[in-house]
Amino acid sequence: MDMSDVARVATGMEAPVETDDRQGGHAKLEKAAIKGHDSVLELQQRNVGERPRRALYALAAEYSTSAAWSRIDARNLDQTQRHLNESATYVGLSQDGPTETRVTGQPLSTLAHQRRNGPEALAAAQASQASWAARRDPFFDSPGHVRAALAVPALGASRD
């Protein structure tokens, strides 16, 4: 298995993302994301080089995050947390900075905001800002600033 094989497998992420964009999250979308996640992990059992293996872990993280977004939309916050924990594991194994920024910062901050946990929302935003990708590219840095700004009022701190 090489990177062209991984690219072919990655096209499977398009359907869950498009469905989420059109309809929002729901149980069927979560199941499709979990199925995609499981199929990506099955590919890890083959003879896979280091670079494709990391790319497959990044893809598994993307699928787990897609399942998490589906649960966020349904306000099933405990299941969201489980999906995000799994996503964090796979993004760590992938060692992919842009994926780390995309699949951890925003969903974790959103989950914390829905739980009305200002300190956790701010910490997630700051962790996103501290990521490798955000330190090197303003495209990945700017969402962290927005999320941090949104989290500050929830802390109840005054501007004085």
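These are my notebook entries on a predicted model of a protein.

**Ground rules.** I number residues from 1 along each chain as its sequence is written. As the model is predicted, local features need pLDDT of at least 70 and side-chain atom pairs count only at pLDDT 80 or more, while totals for chains, interfaces and linings use all residues; side-chain values use heavy atoms, with hydrogens and water left out.

**Overall fold.** I looked up the secondary structure and found 9 helices and 0 strands. Helices (H or I, at least four residues) and strands (E, at least two) are DSSP runs, numbered from the N terminus. The pattern along the sequence is α-α-α-α-α-α-α-α-α. The radius of gyration is 16 Å, close to the 15 Å that the globule rule gives for 160 residues, so the protein is as compact as a globular protein of that length. That radius is taken over C-alpha atoms, and the rule is 2.2 Å times the number of residues to the power 0.38.

**Burial.** I noted that 43% of the 160 residues count as buried. Buried means under 20% relative accessible area, exposed over 50%, and partly exposed in between (1.4 Å probe, protein chains only).

**Largest pocket.** I then looked up the largest pocket, which holds about 230 Å³ of space. On a 1 Å grid over the protein atoms alone, a pocket is an open set of points where a 1.4 Å probe fits, with protein on both sides within 12 Å along at least five of seven lines; lining residues have an atom within 4 Å of a point. The volume is the space filled by probe spheres set on the points, which are joined across faces, edges and corners. Helices α2 (14–23), α4 (50–73) and α6 (97–114) each give two or more residues to the lining. Among the lining residues I listed Met 13, Asp 20, Glu 62, Trp 69 and Arg 102.

**Thr 99.** I found this residue in helix α6. Thr 99 counts as buried at 4% relative accessibility. Leaving aside neighbours within four places in sequence, Thr 99 is in contact (heavy atoms within 4.5 Å) with Ala 58, Ala 61, Glu 62, Val 91 and Thr 104. Glu 62 also lines the largest pocket.

**Ala 124.** I found this residue in helix α7 (residues 118–130). Ala 124 is buried, with a relative accessible area of 11%. Not counting residues up to four places away in sequence, Ala 124 touches Gly 105, Leu 108 and Ser 109. I also looked up Arg 102, 22 residues from Ala 124 along the chain; their C-alpha atoms are separated by 12 Å.
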